[in-house]
Amino acid sequence: MPRQTMKRGRRPELMWGFALDDSIMEQIEQGVGPGFHIRNFPAGAYPAARELSQDEKPAAAWIPWSVWSSLAEHRRDEYRSQEDTQRILIQDGDEELQMDRVLSEGFLTVVRPPLTRPKVQDVMFRAREVKSLYSDIYRMTEEIMLERELLARKTDQLMFLNKLLTSATESLEASTILANAKSSLGLVLPVKMLHAAFWNSGADAADVEILLNGKMAPAVESAWVERIMGAAANMGAGSVNGFQVGYTDPARRPEYSLFPDEGRLVTMPLTAGHQTFGCLVLLCEPGYRLGKDQVETLRSAVNHVGLALRNAMTFKEVKLRADRDGLTRIYNRQSFDERLVYEIKRRARYRHDLSLLMVDLDHFKSVNDTYGHKAGDMVLRRVGEILTSVFRTTDLCARYGGEEFVVLLPHTSEEAAWKLAERVRTAIEGCSFHFDGKDFAITASIGVASVEGSSLTTDDDLVIKADKALYQAKNNGRNMVVVSGHDAATRNAVQ
């Protein structure tokens with residue numbers, strides 16, 4: 001079967017010759033035709049393969065056995081490493097070379113002079129076929145490696161998302177979810193800080209809750225709050241009624257001293273349904289760029305985190321409604337009863353002072369009868385605000401029932417409790433109410449009970465003692481503070 005004519009480009013292909021004599025050169029040139037250029041190196045002046053550029057690499061090299069066998073082994077290895085060059089061995093001696101030896105030396109084949117045109121063309125066709133085969137294998141290998149790399153990346157992404165989803169559902173505390181999210185995101189992104197903001201969607205003026213990664217210097221915190229509030233406004237929070245700042249990590253650490261412009265800032269919305277209820281703000285390494293697949297993974301991760309945070313916000317709202325009085329927004333009777341049992345047990349262990357105030361609004365029924373229940377509700381809400389403003393966050397203010405309130409004061413002596421009760425009584429008495437064009441005022445009677453030193457008591461005992469003191473205050477004329485176990489005349493504040 002006749003050979004097909006070799007296709008040649010416009011630029012002659014380079015071939016090498018190693019110390020070829022003129023007759024061999026002429027035979028090769030006649031065999032390959034004008035589409036090739038042979039560069040013949042004289043004996044002892046053979047090129048160093050590592051010094052050649054990509055354009056100087058030959059398609060084939062014609063090397064007599066006498067030349068090859070005289071080369072040092074490291075030079076042979078150097079030529080063997082040229083995978084793009086097909087080496088053709090010319091048997092110029094009497095020694096009979098077996099094909100397995102020829103192949104083991106890295107040659108395509110061996111030819112014996114004279115190099116007729118059919119011999120030369122047959123060798124060149126074989127060289128082209130081998131090169132094409134190598135190219136196909138190389139391309140297939142590259143494709144397989146790329147597919148393996150993509151598969152490995154997909155596997156890593158799935159493992160990452162699984163880890164993130166697992167950690168996100170471990171808690172219903174937003175701070176814990178964010179701490180876990182930062183740890184998980186650190187597996188695929190160089191996250192240095194992670195903050196979040198939440199707001200009540202749909203309101204005319206939003207209340208924004210900001211959760212910073214950790215405590216930081218005032219200047220740094222101000223910069224972050226300003227940046228996060230700007231992101232919240234751009235993402236749908238609208239006008240802001242107010243904001244509060246919390247911390248995922250309550251400690252102040254050196255890594256929390258970074259300003260927003262000290263890295264690449266990535267801000268992503270948190271959505272539920274068709275509403276945006278918050279955003280995540282990530283600070284990554286400066287100059288870091290996300291790949292397309294990383295962006296998709298990050299979006300998926302944020303969706304998971306957003307769902308977990310939405311559940312946490314919902315749980316917080318439900319718990320708030322369960323723990324708080326719906327009208328005054330301070331704690332309810334159930335929350336007080338649970339906290340009282342806890343504080344009594346803690347007090348029995350550590351022997352610290354514990355006090356209780358019972359506050360009752362004087363003649364409150366007449367307010368409802370005279371001005372209506374809406375006016376009464378206004379009074380109750382205002383009293384709740386007064387109690388919240390007077391006492392510490394470690395104290396517990398609760399609506400006990402109707403117009404009666406209680407305040408639990410851990411680590412508070414009887415003397416200190418009496419002074420606080422006086423402050424509350426004075427604040428209520430000095431508060432002026434205006435409803436439906438009418439002005440009115442109201443007063444309160446307060447009973448105080450304490451347990452100090454090594455004395456023991458139960459939760460019922462403390463409530464009963466405070467209730468009796470309140471009863472005494474009301475019987476003695478109201479608008480006064482009475483301490484349990486004391487004569488009302490010696491410790492009260494009759495106006």
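**Notes on packing and open space**

1. Let me begin with one residue. Isoleucine 428 touches Val359, Leu361, Val383, Ile386, Ile442, Thr443 and Ala444, leaving aside residues up to four places away in sequence; contact means heavy atoms within 4.5 Å.

2. A word on conventions. This is a predicted model, in which local features need pLDDT of at least 70 and side-chain atom pairs count only at pLDDT 80 or more, while totals for chains, interfaces and linings use all residues. Residues are numbered from 1 along each chain as its sequence is written, and side-chain values use heavy atoms, with hydrogens and water left out.

3. Ile428 is among the residues with the most contacts inside the largest nonpolar core, together with Leu357, Leu361, Val379, Leu387 and Phe391; this core has 33 residues. Such a core is a set of buried Ala, Val, Leu, Ile, Met, Phe, Trp, Tyr and Cys residues joined through side-chain atoms within 4.5 Å, where buried means under 20% relative accessible area with a 1.4 Å probe, protein chains only. The elements giving two or more residues to the core include β11 (354-361), α11 (373-390) and α12 (414-429); helices (H or I, at least four residues) and strands (E, at least two) are DSSP runs, numbered from the N terminus. The largest share, seven residues, comes from α11.

4. A second, separate core has 30 residues, including Leu185, Cys284, Leu298 and Ala312.

5. Now the largest pocket, with about 1200 Å³ of space. A pocket is, on a 1 Å grid over the protein atoms alone, an open set of points with protein on both sides within 12 Å along at least five of seven lines, and lining residues have an atom within 4 Å of a point. Grid points are joined across faces, edges and corners, and a volume is the space filled by probe spheres set on the points. Of its 33 lining residues, Glu209, Gln244, Met313, Lys316 and Leu320 lie nearest the pocket's centre. The largest share of the lining, nine residues, comes from α8.

6. Finally, helix α1 (residues 22-32), whose buried residues are Ile24, Met25, Ile28, Gly31 and Val32. Seen down the axis of α1, these fall within an arc of 130°, so they line one face of the helix; the arc is that of the directions from the helix axis to the C-beta atoms. Their cover includes β1, β2 (36-41), β3, β4 (86-90) and α5 (117-168).

Note on methods:
Buried < 20%, exposed > 50% of the residue type's maximum accessible area, 1.4 Å probe, protein only. 1 Å grid on protein atoms, 1.4 Å probe; cavity = no way out; pocket = protein on both sides within 12 Å on 5 of 7 lines; lining within 4 Å.
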